[in-house]
Amino acid sequence: MLRSYLKIAFRTLWKHKTHTTINIVGLSVAFASATLLLLTAWFEWSFDRFHADADRIYRVYIQDATGEASGIMPYPLAPALKTEMADAQAVTRLMFPQTEFVGEKRLAKQIRFADPDVFQTFTFPLLKGDPKTALKDINNMVITEDMARDLFGNTNPIGKSIRTDGLNTGRDFVITGVMAKPRANSSFQFDAFVRPETRVDYPTGKAEWGNRNHEIYLKLKPGIDPLTAEKRLQSLTRKYWQGDIAEAKRRGEKPDARGEYISLRLQPLSDIRFDTKGVFGTGISKTYIVALALIALFILLIAGINYVNLSLARSVARAREVGVRKSLGALAGQLFGQFWAESLVICLLALGAGLGMAFAARPLFNQTFDTRLSLDLLLQPVTLGAIGVVFLLLTLLTGGYPAWLMARFRAVTVLKGGGALLRAKGSKVGALRSVLIVAQFALASLLITCTLLIGQQLRYLREKPLGFTREQVISLPLRNQDNLSGTRAMQLLRDRLQNNPDVVAIAKTNANIGPGLDGNMSRSMSGWTHKNREVNTDWVKADFGYLKTLGLKLVAGRDFDPSFGTDTTSAVIITESMAKQLGEKNLVGTFIQPEAETGGQKYQIIGVVADFNLYSLRQKAEPVTLHLNPGGTNYALIRTTPQGTVRVMDELRKIWKEVAPTAQFQASFIDENTNRWYNREERFSTMFRMAAALTILLSCMGLFAVALMTIEQRTKEIGVRKVLGASVASIVTLLSKDFLKLVSFAIVLASPLAWYAMNRWLADFAYKIDIEWWVFAVAGGLAVGIALLTVSFQSIKAALMNPVKSLRSE
């Protein structure tokens, strides 16, 4: 029986090639798009969940009574947690990766500082070496299998020595372990681990609680509740932040809901990927994951609705076929099996074509949206099972209802001829048709509105002033490359560029602005109590000419000046928000002492500049303190004339080839760096544009099918109206207005949903647009216009038809 069903199904589908092609193309594109989007959502959701005991791994962060939180920790905290926190099974510091040139081949590799417990905290399996002793000594280094292959080929690297010219001073390391390459769905990407004690600032900073520059992760012992562990951490905050807590009480601040002024909290490892309020604001909002999944489901739903509409449109033409089959003895179940077999064949062909399209488009999709979907992910049992379930549901819903409807036609009724479908089922078909149209265009309007608002927010982020002039500024990484120290490289650049008429200013710094081509990120913060006021600030090592190079506006005091000998050791320039934190007027000339409790150095404020954003606009502009430091030579910033930007870049490339011939030239423009802050939003916007275009196309196909079905059923009515004197315009209006009412209702439904979704998305940004009414009007106008064009084609065609042809049978 099944063989007979399939044979007849193939014959029927081959006979109606156009109808079959439209259905297969629509469904296959939907399957391909939904597969890629759902895989992306699953890939993002799976981040860091592969670690053994991932549910017991947490990131430590500090929070004050106002709810302000920071994940950047001081050096002494990890040792204190390890010795004083009985609930912790393992504790490790983890610093942001920095690119270093290693070995004789001068290969650029990403190196992270981590404690020995890193292998007891996370699942980074060692292929060679012992995870318990791999980082036992300060000069130990553990490398990935890719780095081992690049540096040593097939030779066993264990015990071999390797030198890095970076890591602040340059150092020789002994390789004691080789680990597997980090998974693509890991938040921690790196080529090697070394100990934090090798940092040049560690000896002076290891006892400073106010100097914060890294993250801390810990694994709780089995059975320990994280909330209980957080409560037990109060003893550490009372011990090591005693002075800050006392100052908060003296200022009359109110404690938080737990009765704490300063508290250490634990953030689950699985939440870190979705932390948009973190140190750099680089987390991915869960809104993205939900949106990707919903877009995929929307596309499948619209394609399914489209298929149902086309099937219902054809059911009118096949009504007589049903009547003849029933008169010859066919049962309703047999007819249902026959029609459902046709749907099954179409869906199977569409699924095969869709998966093939998804596989072929995967490399381009990965490149366009900067994701890492692999064939292994597609072939996982969970993925294949999910595809199978979605396929069966879609086949049952899209093929089952039209098959059931046609199988229930009464033979006597349909063999009489004329609108069999509507007479057989009355208003139910019309109600279903209306629901399907509303659903399609509600989803399309929702995506159109979201696309417009995301585009608005992106333009706002890229165009909003950051407090400095980012155009015509080049950033060049200098961190100890090719046996050339950053300080020496900076001096060579000054000497070669000082007489260049295209160079306006040049300065060095320890922190790049925006993600440069070297891929490094760093941030140094400091916190202390100043005259009974809590102070937190980014601490940036600057240079003479730093203000001029970035175009920072000086609002009080003066710039750094080499004629003042103390500027290089004890002078700072602060931002206005930092001045507000200090709470004094006329701050120029006053002193601050970040490490007052330990007798730290005093710094004199010589100037105040307007606030500027060191980081993306997802975060508000934080207070910044600029300080001259001979060791802060990680980047050179060069401001050029508008006409000389290209010439200076070419000159820099030439100089670099001479002074560091084997080191990679990684200069970039600051305005390009700051644009990279929003690459994720750009990719998200592209996804929405493509999804909106696809949903509109599929919706129009469905609307076209419904319009065709309706007009076929009203052919004689149109003929009678024309004979009675109706104009073409009145007939077109008559046929179109019902559809436009449905589309308008869909827009009304979609608008509040779009408003809610975009408000949730915009909540991740400290600086954002206001959602205005005209965006919904534009989206609605587009939806109505597209629907009108789709329906008008068939309406005008029907209105121009000769009434004699339509009334001949009467």
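How are helices α26 and α27 oriented relative to each other, roughly parallel or roughly antiparallel? In this predicted model, the two helices pack at an angle of about 150°. Angles over 145 degrees count as roughly antiparallel, and α26 and α27 are therefore roughly antiparallel to each other. Their axes lie 10 Å apart. The crossing of this pair is right-handed. Helix α26 covers residues 715–723.

Two packed helices are described by the angle between their axes and the distance between the axes. For α27 and α28, the axes come within 8 Å and cross at roughly 155°. This pair is therefore roughly antiparallel as well. Here too, α27 makes a right-handed crossing, passing α28. The residues of this contact comprise 19 nonpolar and six polar ones, with no charged residue. Helix α27 spans residues 728–762, and helix α28 spans residues 773–799.

The length of α27 can be checked against its residue count. It has 35 residues, and at 1.5 Å a residue these should span 51 Å. The C-alpha atoms at its ends are 48 Å apart, which agrees. The helix does have a kink, of about 35°.

Another helix pair, α19 and α23, crosses at roughly 130°. Which class does that angle fall into? The roughly antiparallel class needs an angle over 145 degrees, and roughly perpendicular ends at 115. The angle falls between these cut-offs, so α19 is oblique to α23. The axes of the two helices come within 11 Å. Their crossing is right-handed. Helix α19 is made of residues 486–497, and α23 of residues 645–659.

Most residues other than glycine have a negative phi. Glutamine 472 has a positive phi, near 60°. Its place is the loop between α18 (427–463) and β14 (473–477). Asparagine 586 also has a positive phi, of about 55°, although it is not a glycine. This asparagine sits in the loop between α22 (576–582) and β20 (591–592).

The cut-off for exposed is over 50%.

Leucine 373 is also a loop residue, placed between α13 (332–369) and α14 (375–378). Is leucine 373 buried or exposed? Its relative accessible area is 3%. Buried means under 20%, so leucine 373 is buried. Arginine 362 is 11 residues away from leucine 373 along the chain. The C-alpha atoms of the two residues are separated by 7.1 Å.

Aspartate 671 belongs to a helix, α24, which runs over residues 670–676. With a relative accessible area of 27%, aspartate 671 is partly exposed. How far apart are aspartate 671 and serine 475 in sequence and in space? In sequence, 196 residues separate them. In space, the distance is 10.0 Å from C-alpha to C-alpha.

Methods
Residues numbered from 1 in each chain as written. Predicted model: local features only at pLDDT ≥ 70, side-chain atom pairs only at ≥ 80, totals over all residues. Heavy atoms only, no water. Axes fitted to C-alpha atoms, helices over the stretch in contact; angles between N-to-C directions. Helix = DSSP H or I, 4+ residues; strand = E, 2+ residues; numbered from the N terminus. Parallel < 35°, antiparallel > 145°, perpendicular 65-115°, else oblique. Left-handed = near helix turned anticlockwise from the far one by under 90°. Nonpolar A, V, L, I, M, F, W, Y, C, P; charged D, E, K, R; others polar. Expected span 1.5 Å × (residues − 1). Bend = angle between axes of the 7 residues up to and from the residue. Buried < 20%, exposed > 50% of the residue type's maximum accessible area, 1.4 Å probe, protein only.
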